[in-house]
Amino acid sequence: MGNIVAFDLGASSGRALLGRLTDGRIEITELHRFSNDPVQVGDRLHWDILRLYHEIKQGLLIAKNQGIEVNSIGIDSWAVDFGFIGKNGELVGNPYHYRDRHTEDIMETLFAQIPASVIFGRTGIQFLQFNTIFQLFALKQANSPWLQADNRFLMIPDLLRYFLTGEMHNEFSNATTTQLFNPVKGDWDAELLRLLDFPASWFGDVLQPGSQAGMLQASVCEELGIPSIPVYAVAEHDTGSAVAAVPATDRSFAYLSCGTWSLMGTEVHKPVINEMAQKLNFTNEGGVEGTYRLLKNIMGLWILQESRRVWEKAGKSYAFPELVQLAGAAQPFKAFIDPDDALFLAPGDMPSRITQYCHQTGQQAPETVGEIVRCILESLALKYRYVFEMTERLSGQRFNGLHMVGGGIQNTLLCQWSANAIGKPVWAGPSEGSAIGNMAVQWIAQGEFQDIWEARQVIRDSFSIITYEPEAQDLWADAYDQFLKLTGMTE
Ligand code: ADP
Ligand code: LRH
């Protein structure tokens with residue numbers, strides 16, 4: 001099938017990539033890239049959903065103006081966030097950002113009503129304060145006018161797809177991240193909805209990745225001057241798409257999807273829902289072809305993004321490569337943070353929070369920009385080792401290396417340090433994992449690939465994968481001991 005377009009919306013930026021299959025190779029061309037800027041209104045934090053919709057239409061327009069006839073599209077985005085569609089078919093309110101503070105401290109309140117073990121047992125999803133379940137609970141506690149029984153719940157890509165097609169569907173991979181979906185039953189968890197007093201009528205049919213989810217509606221075609229084309233439900237959770245694009249050869253593999261977040265884990269065929277998974281706070285997110293992602297969230301390059309934003313506000317702009325270079329020149333292992341400390345979740349002044357963390361843990365805080373970036377990157381690499389070993393323990397597998405995909409692999413220092421920290425090779429690529437996984441699912445649906453493993457083979461043949469062999473392992477092993485001690489983590 002000629003030209004397909006993947007719209008991949010990350011928490012920091014969105015892009016429209018054109019994909020073509022030529023002689024058994026994938027060729028991608030960037031049509032459009034745009035920043036994704038959260039909008040603070042009063043003390044609430046929102047996504048700019050209409051701007052994102054506008055940028056999607058811009059992507060389609062750019063394709064048209066380049067004379068490209070697009071045959072199908074798919075949209076993926078970050079997980080957990082949502083909006084409601086009212087009885088009149090219109091969006092009710094502007095979706096909140098998962099970093100909005102309305103779910104701070106709410107987990108315990110909900111656990112007083114429904115024990116954590118019951119929620120985990122029914123969903124297999126890790127506890128993160130911003131999961132949809134907690135966001136909806138917070139809205140309910142605040143008597144939000146969004147929560148009319150006849151409104152329809154749609155997640156971000158569901159919403160954008162609805163704007164394009166006029167059809168309302170919930171997509172599976174993203175639905176699992178709500179922590180309201182039962183992977184064993186394969187449907188929304190009726191019992192949890194009952195216990196929470198969430199009307200089942202909010203939730204619709206759940207489409208598997210690869211289902212056709214409608215056609216561009218007439219008003220969109222008219223506005224853009226393009227013919228109607230199919231819109232596919234892909235793995236609409238960006239991490240689901242990223243993992244679909246991991247160019248693994250071995251069926252047992254470990255991955256790290258490295259962007260705003262770092263998502264590390266392995267692919268399994270049955271959700272792992274047991275005491276150990278709950279204790280280690282691992283998740284089982286739905287993927288393509290009946291797979292699950294047994295993984296753990298790590299705060300990721302968010303801390304670096306926010307530091308950069310703070311420096312920029314203070315009049316000092318740094319490009320990412322410049323920050324990497326400054327880190328490379330700074331003193332190694334000067335200070336460590338646990339990137340997943342609650343201090344680093346909300347937007348704000350990360351350099352000051354790192355100082356606060358260091359003082360609380362009896363360390364000398366990093367001072368220069370290079371030292372701060374080095375502290376963030378080294379701490380991330382060390383946290384990767386921690387989670388890599390947990391993944392091995394929980395899945396009962398041993399991995400001979402780590403696949404890294406996502407924009408973060410452009411940070412070659414982070415890739416090298418990750419290899420050093422885990423003491424195994426890192427295979428980095430492709431950097432546009434989510435968009436490529438989005439395309440792969442469209443091509444499978446269209447019969448171009450037999451299954452995800454054939455797609456992975458073609459991805460491997462089409463993109464350069466860089467191998468980072470571990471170096472300086474003694475130094476990194478010592479640093480790991482220090483890291484565990486100073487951050488209070490136990491093995
Ligand atoms: P998301 O999809 O979550 O918005 P991306 O996958 O686009 O995130 O990755 C963004 C991250 O990649 C940035 O936070 C930055 O740390 C890193 N990055 C992007 N470009 C570069 C670069 N040229 N050099 C080093 N790091 C980069
Ligand atoms: C990464 C991601 C991640 C979720 C978070 C909200 O973009 O989708 O998998 O936990 O955003």
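Leaving aside neighbours within four places in sequence, Gln135 is in contact with Tyr96, Thr103 and Phe130, where two residues are in contact if their C-beta atoms, placed from the backbone, lie within 7 Å. This is a predicted model, in which local features need pLDDT of at least 70 and side-chain atom pairs count only at pLDDT 80 or more, while totals for chains, interfaces and linings use all residues. Residues are numbered from 1 along each chain as its sequence is written, and chains are lettered from A and ligands numbered from 1 in the order in which they are written.

**The chain as a whole**

- The protein chain has 18 helices and 22 strands, these being DSSP runs numbered from the N terminus (H or I and at least four residues for helices, E and at least two for strands).
- A compact globule of 491 residues would have a radius of gyration near 23 Å, and the 22 Å of the protein chain agrees with this; the radius is taken over C-alpha atoms, and the globule rule is 2.2 Å times the number of residues to the power 0.38.
- The C-alpha trace of the protein chain spans about 60 × 55 × 50 Å along its principal axes.
- Of the 491 residues, 49% count as buried, a term that requires 20 or more other C-beta atoms within 10 Å of the residue's own, whereas exposed means 12 or fewer and partly exposed lies in between, with C-beta atoms placed from the backbone.
- When contacts between residues at least 6 apart in sequence are considered, 73% of them join residues at least 24 apart.

**The two domains**

- The domain assignment gives domain 1 (3-233) and domain 2 (246-429 + 449-491), with bounds that come from an automatic or database domain assignment.
- The C-alpha centres of domain 1 and domain 2 lie 25 Å apart, and the contact takes 22 residues from domain 1 and 24 residues from domain 2.
- On the side of domain 1 that touches domain 2, the elements giving two or more residues are strand 3 (25-35), helix 3 (116-123) and helix 6 (172-176).
- By class, that side of domain 1 has nine nonpolar, ten polar and three charged residues, where Ala, Val, Leu, Ile, Met, Phe, Trp, Tyr, Cys and Pro count as nonpolar, Asp, Glu, Lys and Arg as charged, and the others, Gly among them, as polar.

**The ligand surroundings**

- Around ligand 1 there are 17 residues, of which Gly10, Ser12, Gly259, Thr260 and Gly407 come nearest; a residue is near a molecule if its C-beta atom, placed from the backbone, lies within 6 Å of it.
- Both domain 1 and domain 2 give residues to the shell around ligand 1, so this ligand lies between them.
- Helix 11 (302-313) and helix 12 (320-329) each supply at least two residues of that shell, and helix 12 gives the most, with three residues.
- The shell around ligand 1 has six nonpolar, eleven polar and no charged residues.
- Of the 14 residues around ligand 2, the nearest are Trp78, Ala79, Asp238, Thr239 and Trp261, and by class this shell has seven nonpolar, six polar and one charged residues.
- The shell around ligand 2 draws at least three residues from each of domain 1 and domain 2.

**Helix 13**

- Met350, Pro351, Ile354 and Tyr357 are the buried residues of helix 13 (residues 350-360).
- Seen down the axis of helix 13, these buried residues fall within an arc of 115°, so they line one face of the helix; the arc is that of the directions from the helix axis to the C-beta atoms.
- The buried residues of helix 13 pack against helix 11 and helix 14 (369-395), while the face turned away from the buried side carries the exposed residues His359 and Gln360.
- Helix 13 is followed by Gly362, whose phi is positive, near 70°.

**Individual residues**

- Gln135 lies in helix 4 (residues 132-141) and is buried, with 23 other C-beta atoms within 10 Å.
- Val234, in the loop between strand 15 and helix 9 (238-244), is buried with 36 other C-beta atoms within 10 Å.
- Not counting residues up to four places away in sequence, Val234 touches Gly74, Asp76, Pro209, Ser241, Asn438, Val441 and Gln442.
- Gly225 is found in the loop between helix 8 (218-224) and strand 15 (230-233), and it counts as exposed, with 10 C-beta neighbours inside 10 Å.
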